[in-house]
Amino acid sequence: MDRAPVVLGIETSCDETAVALVDGERRVLAETLRSQLERHAPFGGVVPEIAARAHVEILDHLIASAMREAKMAFPQLAAVAATAGPGLIGGLIVGLTTARAIASVHRLPLLAINHLEAHALTARLTDGVDFPYLLLLVSGGHCQLLVVKGVGCYRRLGTTLDDALGEAFDKAAKMLGLGFPGGPAVEQAARAGSPRYDLPRPMRGQPGSHFSFSGLKTALRQTVERLGPASLAPPQLNDLCASFQEAAGDILVDRTARAAARFRTEHPGAETLVVAGGVAANEYLRGRLQELAARLALRLVLPPPRLCTDNGVMVAWAGIERLRLGLIDDLSAPARARWPLDPDAEPAPGAGVKA
Ligand code: KG4
Ligand code: ZN
């Protein structure tokens, strides 16, 4: 009996070096990941040069260990997939060059993967979701609502006019002395707090599905300044985190509900909402989105937290999806710092560089 095709996936777009082997039967055969957090933490954010160097140091070991774990040799692979963008260009080049070398030595197809598409398609690996579905993609670099119509076929309904939500969590954590990355730290502190500070919900109730988080961030800063050093310790610290998280939840629910109404009008019968990206690992926000889905009678699909944050599994799976459709890339496929999923989306009013 023929074995299901196996794809090697490589992720190096930001501060995680991750490798996985996934097959066409939706089985994860191997999964390795190395975070560079401790190297970037002293700088309060990801330093691109440090990230690229760290990927170079570790990537070959991770690939070897994934291949050992799956008991496979390179010639048995069906293809090699690597994130080609969007992301930090140095890291992308490391991953893509490595994939290219393996592909050319072993004469395997190369798949140059869009990192956002990898997040977007994860729910088809974990839950076998059919197209079309509504996707809320909330990560450190992106905050978007998209209709996923098919592989390589997306329609953007909303994006952020300023910060991504993960970025807003990271900035809030920095203000509160919680270190980097901020999301998990804010969530942890919020567990012990109550949302008693009044913070704004920018864009709530407005037409469309765009996001904005800068007003929330500024209001948090002003509250921290008003409270002084007391804001950096419990109970105020916990209450500030709970207030910030509640505001973030209200914004996500409002914007997603609007996008869901439009999605349903345009795709009668479709009923699935998928949430992806690092912020989707947040238990409180997962709960808020579960309530929303129940209220709107939508089927909610939330991949497990380890597949919401950056990982190699999603890249290998996106590779399987593209390989099935024959969407193979040339060995000269370039790394791309910017690579929007919906290149035809109307520019968001006042939007910065977010795609
Ligand atoms: O998807 P991801 O791993 O990388 C990007 O592609 O950006 O997302 C990382 C982001 C960071 O901003 C991090 O603070 C946020 O996801 N994040 C969280 C949580 N875990 C990670 N935000 C809120 N709550 C969390 N539990
Ligand atoms: Zn990501």
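This is a predicted model: local features need pLDDT of at least 70, side-chain atom pairs count only at pLDDT 80 or more; totals for chains, interfaces and linings use all residues.
Local features need pLDDT of at least 70 and side-chain atom pairs pLDDT 80 or more, while totals for chains, interfaces and linings use all residues. Residues are numbered from 1 along each chain as its sequence is written, chains are lettered from A and ligands numbered from 1 in the order written, and side-chain values use heavy atoms, without hydrogens or water.

Ligand 1 sits in the largest pocket. A molecule counts as sitting there if more than half of its atoms lie within 2 Å of the pocket's grid points. A pocket is an open set of points on a 1 Å grid over the protein atoms alone, where a 1.4 Å probe fits, with protein on both sides within 12 Å along at least five of seven lines; lining residues have an atom within 4 Å of a point. The space in this pocket is about 1200 Å³. That volume is the space filled by probe spheres set on the points, which are joined across faces, edges and corners.

The lining of the largest pocket comprises 40 residues. Cys14, Ser139, Gly140, Gly141 and Asp170 lie nearest the centre. By class, 16 lining residues are nonpolar, 15 polar and 9 charged. Here Ala, Val, Leu, Ile, Met, Phe, Trp, Tyr, Cys and Pro count as nonpolar, Asp, Glu, Lys and Arg as charged, and the others, Gly among them, as polar. α4, α5 and α6 each supply at least two lining residues. α5 gives the most, with 5. Helices (H or I, at least four residues) and strands (E, at least two) are DSSP runs numbered from the N terminus.

Around ligand 1 stand 21 residues, each with a heavy atom within 4 Å. Gly140, Asp170, Glu187, Gly278 and Asn282 come nearest. The shell holds 5 nonpolar, 12 polar and 4 charged residues. Polar contacts are pairs of N or O atoms within 3.5 Å. A polar backbone atom of Gly278 lies 3.0 Å from an oxygen atom of ligand 1. For a backbone N or O atom of Gly141, the distance to a ligand oxygen is 3.3 Å. The side chain of His115 places an N or O atom 3.3 Å from an oxygen of ligand 1. The protein covers 88% of the 550 Å² of accessible area that ligand 1 has on its own (Shrake-Rupley method, 1.4 Å probe).

Two peptide bonds are described here as cis. The bond from Gly85 to Pro86 has omega near -15 degrees. Pro86 falls in the loop between β4 (79-85) and α3 (89-106). The Pro234 to Pro235 bond is cis, with omega near 0 degrees. Pro235 belongs to the loop between α7 (214-227) and α8 (236-266). Arg107, a residue other than glycine, has a positive phi, near 55 degrees. Its place is the loop between α3 and β5 (110-114).

Technical notes: A polar contact is a pair of N or O atoms within 3.5 Å; within protein, one must be able to donate a hydrogen and the other to accept it, and residues adjacent in sequence count only if both atoms are side-chain atoms.
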